[in-house]
Amino acid sequence: MDARDGSLPTISKLALFLLLLLPLISASTPLLSSGWPSDPTAGFEELPLHQSNLHIQKPYDLPVSARYSFVDGVHKLWVYSTDHPLSKGSPTRPRSEIFLNQYIYYSGVWQFEAHGYVPCGTSGVCITQVFGAQFPRNTTLMLRVYNGSLYYYHDTVLVPNIYDRWFRVNIIHDVAASNLKVYIDGEFKFETNGYGGTFHYFKCGVYEQGNASYYMESRWKGIRVLKKVD
């Protein structure tokens, strides 16, 4: 066909059609990306969890109210680097943590979800952990805060600026596969192997680590424990 007659070749018509269709597809279809927000709880069942089932671990010489409060649905936990440990004679560092002792698990795929808040200045502290590991370790995962950044232990930065804002944490633990995944605000951030152990449970709050600030605090709301539907 002679292009001088004003008509377009068939291949050009097809290309024009696809060019016009592309904006419509882009507008109605979300981008596929490893960082695209998703729902980590899909396929999981939420388990009952009541305030009476939350055990507060705190310095042994203080009442719970001295290091923990629950007001308007927000759990606030704080500790000082000069505080005593959990029990008299314990070699561990100061802590104020919520121990989810209602759900100690040995198998299956489990998930912890909550919204956390860490005020500026809190540093050198574990804010969430999956307890249980093969000796001599005690934990299979820790999320820590150092100078405003959220870390996996002290090795990997997950979020570079976590201070003074609410963020959603999802930790998925597949016991049989010894696999853990971490999501922050619905975005997949990290995946790692576990460290064994015969039983596990979730904790959140503040637990002093190395090079800690004098005052440490975290706040939590919407705490949930979920299990994979078989």
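I looked up Val125 and found that its bridge partner is Val145 in β8. Strand β7 (residues 125-131) and strand β8 (residues 139-146) run antiparallel and share 6 bridges. Strands are DSSP runs of E with at least two residues, numbered from the N terminus, and two strands pair if DSSP finds at least two bridges between them.

I noted that this is a predicted model, where local features need pLDDT of at least 70, side-chain atom pairs count only at pLDDT 80 or more, and totals for chains, interfaces and linings use all residues. Residues are numbered from 1 along each chain as its sequence is written, and side-chain values use heavy atoms, with hydrogens and water left out.

Next I traced the open sheet of 7 strands, whose order is β2-β5-β14-β7-β8-β9-β10 with antiparallel pairing. β2 (55-57) and β10 (156-159) each have a single partner strand at the edges, so one side of each lacks a neighbour in the sheet.

Then I turned to β15 (residues 215-228). Strand β1 (residues 44-46) pairs antiparallel with β15 over 3 bridges, and Phe44 stands opposite Lys228. Strand β4 (residues 74-80) is joined to β15 by 6 bridges, also antiparallel; His75 has Trp220 as its bridge partner there. β6 and β15 run antiparallel with 7 bridges, and Phe112 is partnered by Val225 in β15.

Last, I checked Tyr106, which lies in the loop between β5 (95-99) and β6 (109-117). Is Tyr106 buried or exposed? Tyr106 is exposed, with a relative accessible area of 57%; buried means under 20%, exposed over 50%, and partly exposed in between, with a 1.4 Å probe and protein chains only.

Note on methods. Helix = DSSP H or I, 4+ residues; strand = E, 2+ residues; numbered from the N terminus.
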